[in-house]
Amino acid sequence: MAKQLRVLIVDDAEDDAHLIVRELRNAGLLLSFVRVATREALTRQLLDRWDVLLCDYSMPGFSAFEALDLVRQAGIDLPFIIVSGTVGEARAVEVMRAGAHDYVFKDNLSRLPLAIERELREADNRRERRRLQEQLLLSERMASIGVVAAGVVHEINNPLTVLMGSAELAVRTLSADAAAADNAQKTVVHEELDRVLEAADRLRQIVADVKLFSHAGADPVVSVDVTNTLASSVRMALHETSGRCHVVTRFGDTPLVALPASRLGQVFLNLLLNAAQAIAPGNAEHNEIRITTFTDETGWAVIEVADTGCGIPAQVQKTIFEPFMTTKAVGVGTGLGLFVTHRIVSDAGGRIEFESEVGRGTTFRVRLPASTRPSSEPSVGNSAGVLPPSRPGKEGKRSGSSRRAYAELASAHA
Ligand SMILES: Nc1ncnc2c1ncn2[C@@H]1O[C@H](COP(=O)(O)OP(=O)(O)OP(=O)(O)O)[C@@H](O)[C@H]1O
Ligand SMILES: [Mg+2]
């Protein structure tokens with residue numbers, strides 16, 4: 001059975017709506033429709049699923065511009081065709097600029113079926129492009145996780161060893177002479193169980209960090225805490241940074257920002273991995289990655305990742321955000337990191353910029369507008385073991401083994 005087209009008509013004239021529907025049915029389109037003529041009714045109908053919206057240019061107390069605004073606010077990609085009496089060309093252009101997809105005059109309705117078919121095809125193309133984009137972002141994130149996976153497994157191994165050793169010792173101490181357990185034995189058991197809990201807590205934190213990055217598909221856009229996400233990303237990258245540099249964090253107050261935590265983490269992880277890869281291993285004492293966050297004068301969150309690495313030559317700087325632009329060896333870089341990072345930041349209404357000097361290092365700066373959406377804290381916050389936001393102006397510095405660094409980073413923000 002052919003699919004029924006669901007048509008939403010915004011028109012105050014019932015007769016006109018019937019003329020439109022008759023024209024479409026005569027052209028062989030199978031359709032169901034609803035007609036609305038007010039802001040309230042349209043808002044309600046936009047909760048439903050529609051294939052196309054046909055809107056009159058102006059109605060008493062309502063206009064195509066307001067209707068376009070409501071569709072935009074609803075965050076849906078709905079083919080929007082103006083079907084109206086003749087209005088001047090200037091007005092038609094104006095409403096197209098405001099986001100309408102096409103314009104058909106009521107005295108030339110025979111053009112409407114073709115216009116609808118074309119807009120449905122275009123909407124399909126847009127959907128497919130979004131799906132591919134989504135897939136690209138996800139594969140790039142998975143590739144970054146691949147880079148840090150060995151390090152994360154290593155981080156899991158350490159607390160696991162402590163946990164098993166301490167649990168075994170506690171059990172042995174208890175079973176040695178359970179009946180006559182004296183105070184000294186009780187103290188040993190207590191200490192070992194404390195170590196077990198500590199190790200289990202570190203494991204929980206690692207799991208929360210990995211979980212934050214491994215969300216597939218399009219997560220809901222909610223407000224996320226920059227510091228929590230940044231701290232997770234630093235922990236995920238620790239194995240890559242240790243042996244190359246200190247990681248110095250100076251987390252200031254920042255507003256919540258509106259993008260999925262996994263995407264924000266992807267931005268930070270890309271910048272951190274690039275910074276680490278720009279520093280040759282073996283001279284950790286003299287190199288650092290400095291991460292600074294603050295709120296700028298316009299209320300936006302600013303995140304800076306500065307490294308003392310090799311810097312970026314002027315020639316490379318020009319193409320740094322282009323896809324597949326890499327100076328790294330095959331198997332090390334695909335050249336998608338900054339392309340995807342730029343896309344995520346711009347989609348969130350933010351900006352990314354950098355300064356670099358060959359031989360001295362590079363600073364990347366991400367600016368993100370403050371969110372007006374509800375907070376997602378319960379799902380990625382402390383309950384999941386992610387680091388709590390640091391107090392303003394707090395500075396942490398870590399170096400040496402990634403295991404110690406992991407623990408230090410955790411306690412620096414506890
Ligand atoms: N902090 C940095 N210091 C020096 N060069 C950098 C830095 N960040 C990026 N670059 C340069 O920009 C290029 C593009 O970076 P991008 O992150 O897009 O790709 P990649 O790191 O090469 O590969 P991928 O991120 O896909 O693994 C890098 O190959 C490198 O030459
Ligand atoms: Mg990269």
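This tour moves from the nonpolar cores to the ligand site and then to the aromatic pairs. The model is predicted.

**Stop 1: the main core**

Select Val257, Leu271, Ile289, Ile291, Phe364, Val366 and Leu368. These residues have the most contacts inside the largest nonpolar core, which has 49 residues. Now colour residues 261–277. That is helix α8, and the largest share of this core, 10 residues, comes from it.

Centre on Leu271. Which residues does Leu271 touch, not counting those up to four places away in sequence? Show Val305, Leu338, Thr341, Ile352, Phe364 and Val366; these are the contacts of Leu271. Keep Phe364 displayed for the last stop.

**Stop 2: another core**

**Stop 3: ligand 1**

Move to ligand 1, which has 20 residues around it. Show Thr326, Thr327, Lys328, Thr334 and Leu338, the residues that come nearest. Leu338 is also one of the residues that Leu271 touches.

- Thr326: a polar side-chain atom lies 2.5 Å from an oxygen atom of ligand 1.
- Thr327: here a polar side-chain atom is 2.4 Å from an oxygen atom of ligand 1.
- Leu338: a polar backbone atom is 2.8 Å from an oxygen atom of ligand 1.

How much of ligand 1 does the protein bury? Taken alone, the ligand exposes 590 Å², and the protein buries 93% of that.

**Stop 4: aromatic pairs**

The structure holds four aromatic pairs. Select Tyr103 and Phe105, one of these pairs. The ring centres are 5.2 Å apart and the planes stand at 55°, so this pair is tilted. Phe105 is partly exposed, at 28%.

Next, select Phe321 and Phe354. Their rings form an edge-to-face pair, with 6.0 Å centre to centre and 65° between the planes. Phe321 lies in the loop between α9 (314–317) and α10 (337–347). Phe354 is in strand β13 (residues 351–357). The pair therefore ties together parts that are 33 residues apart in sequence.

Ring pairs link Phe321, Phe354 and Phe364 into a cluster. Phe364 also takes you back to the first stop, as one of the residues with the most contacts inside the largest nonpolar core.

Definitions and conventions: Residues numbered from 1 in each chain as written. Chains lettered and ligands numbered in written order. Predicted model: local features only at pLDDT ≥ 70, side-chain atom pairs only at ≥ 80, totals over all residues. Heavy atoms only, no water. Core = buried A, V, L, I, M, F, W, Y, C linked by side-chain atoms within 4.5 Å. Buried < 20%, exposed > 50% of the residue type's maximum accessible area, 1.4 Å probe, protein only. Helix = DSSP H or I, 4+ residues; strand = E, 2+ residues; numbered from the N terminus. Contact = heavy atoms within 4.5 Å. Near = heavy atom within 4 Å. Polar contact = N/O pair within 3.5 Å; in protein donor to acceptor, adjacent residues only side chain to side chain. Areas by Shrake-Rupley, 256 points an atom, 1.4 Å probe, with all protein chains shown as cover. Phe/Tyr/Trp six-rings, centres within 6.5 Å; stacked < 30°, edge-to-face > 60°.
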